[in-house]
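Q: I have not looked at this structure before. Please put it up and take me through it.

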Amino acid sequence: MVRAPTDSRRRKSPTDPHTKSRPISAAAARSYLATVTPKTEGSTSGYSRDLFPHWSTVSGTCNTRETVLKRDGSGVVQDSACAAVSGNWYSEYDGATWTAASDVDIDHVVPLAEAWRSGANSWTTSKRQQFANDLTRPQLIAVTDNVNQAKGDLDPGKWLPPRTAYRCTYARLWVDVKQYWNLSMDSTEKTALLNILNAC
């Protein structure tokens, strides 16, 4: 059994996969960043999304993606295979609302390749699977597909949500996930996060 990292400063999170996790406060995020010593980002050498098995089965026929679509949408109707056939999804990244699940991606707030370069390259496949399907931390969010694709594997030093009103929350999400999973930060990333959080 692979144990998730522990830290006495971390708060308990909801265990219900259908309840969205609230990120740490801006003050807590700033306090954590004060303890972070930036590290040069690692290489993507050897990285493959297949090393982070994702969209695991959560219950019945519902996988992680389908669970997040249900959790983050409103009026979501699913068929017998758990696929969302109707509903409304508001994308926090850009403020758009969609009525077709095909227009929505499930974003890994800290991208898989970014995690790889920040320490996940040394993890077991089982631990990477836990990370890629983490419904307990604020690591998964339903957003506009092309906005997610524009983000790619970039950190906050290189990409931020186009909806400026969400950037404070985004920084809190990012720090929360990186803290829990003990992933490193480079100096540009840390500076960008501090600049956002200091204005929250």
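A: One term before the details: a polar contact is a pair of N or O atoms within 3.5 Å, where within protein one must be able to donate a hydrogen and the other to accept it, and residues adjacent in sequence count only if both atoms are side-chain atoms. The model is predicted, with local features needing pLDDT of at least 70 and side-chain atom pairs counting only at pLDDT 80 or more, while totals for chains, interfaces and linings use all residues. Residues are numbered from 1 along each chain as its sequence is written, and side-chain values use heavy atoms, with hydrogens and water left out.

Q: OK, which side chains make polar contacts with the side chain of Thr144?
A: Trp98 is one, at 2.7 Å, and Asp94 is another, at 2.9 Å.

Q: Where is Thr144 found?
A: Thr144 is in strand 7, residues 140-144. Strands (E, at least two residues) and helices (H or I, at least four) are DSSP runs, numbered from the N terminus.

Q: Is Thr144 buried or exposed?
A: Buried, because its relative accessibility is 1%. The cut-offs on relative accessible area are under 20% for buried and over 50% for exposed, with partly exposed in between (1.4 Å probe, protein chains only).

Q: What does Thr144 touch, not counting residues up to four places away in sequence?
A: Ser91, Asp94, Ala96, Trp98, Asp103 and Asp105. Contact here means heavy atoms within 4.5 Å.

Q: Switching to Glu92: where is that?
A: Glu92 sits in the loop between strand 4 (84-90) and strand 5 (97-98). Its relative accessible area is 23%, so Glu92 is partly exposed.

Q: And what is Glu92 in contact with, leaving aside neighbours within four places in sequence?
A: Ile141, Arg163 and Tyr166. The side chains of Glu92 and Arg163 are joined by a polar contact of 2.7 Å. Glu92 and Ile141 are 49 residues apart along the chain, with 8.7 Å between their C-alpha atoms.

Q: Now the helices. At roughly what angle do the axes of helix 1 and helix 6 cross?
A: Roughly 50°, with the axes of helix 1 (residues 26-33) and helix 6 (residues 167-180) coming within 10 Å. Axes are lines fitted to C-alpha atoms, for helices over the stretch in contact, and angles run from 0 to 180 degrees between N-to-C directions.

Q: What does that make the pair?
A: Helix 1 and helix 6 are therefore oblique to each other. Angles under 35 degrees count as roughly parallel, over 145 as roughly antiparallel, 65 to 115 as roughly perpendicular and the rest as oblique.

Q: Which residues make the contact?
A: From helix 1, Ala26, Ala29, Tyr32 and Leu33; from helix 6, Arg172, Val175, Lys178 and Gln179. The classes are 5 nonpolar, 1 polar and 2 charged residues. For that count, Ala, Val, Leu, Ile, Met, Phe, Trp, Tyr, Cys and Pro are nonpolar, Asp, Glu, Lys and Arg are charged, and the others, Gly among them, are polar.

Q: How are helix 1 and helix 7 placed?
A: Their axes come within 10 Å and cross at roughly 150°, helix 7 being residues 187-197. Helix 1 and helix 7 are therefore roughly antiparallel. The contact uses Ala26, Ala29, Arg30 and Leu33 of helix 1 with Lys190, Leu193, Leu194 and Leu197 of helix 7. By class that contact has 6 nonpolar, no polar and 2 charged residues.

Q: How many residues of helix 2 are buried?
A: 7 of its 9 residues (64-72), and the helix is mostly covered. The cover for those buried residues includes strand 1 (57-59), strand 2 (62-63), strand 3, strand 4, strand 6 (104-108) and strand 7.

Q: Which residue caps the N-terminal end of helix 2?
A: Asn63, with a side-chain oxygen 3.1 Å from the backbone nitrogen of Arg65.

Q: Which residues have a positive phi without being glycine?
A: Cys82, at about 80°, is one, and Asn182, at about 55°, is another. Cys82 lies in the loop between strand 3 (73-78) and strand 4 and counts as buried at 2% relative accessibility. Asn182 lies in the loop between helix 6 and helix 7 and counts as exposed at 58%.
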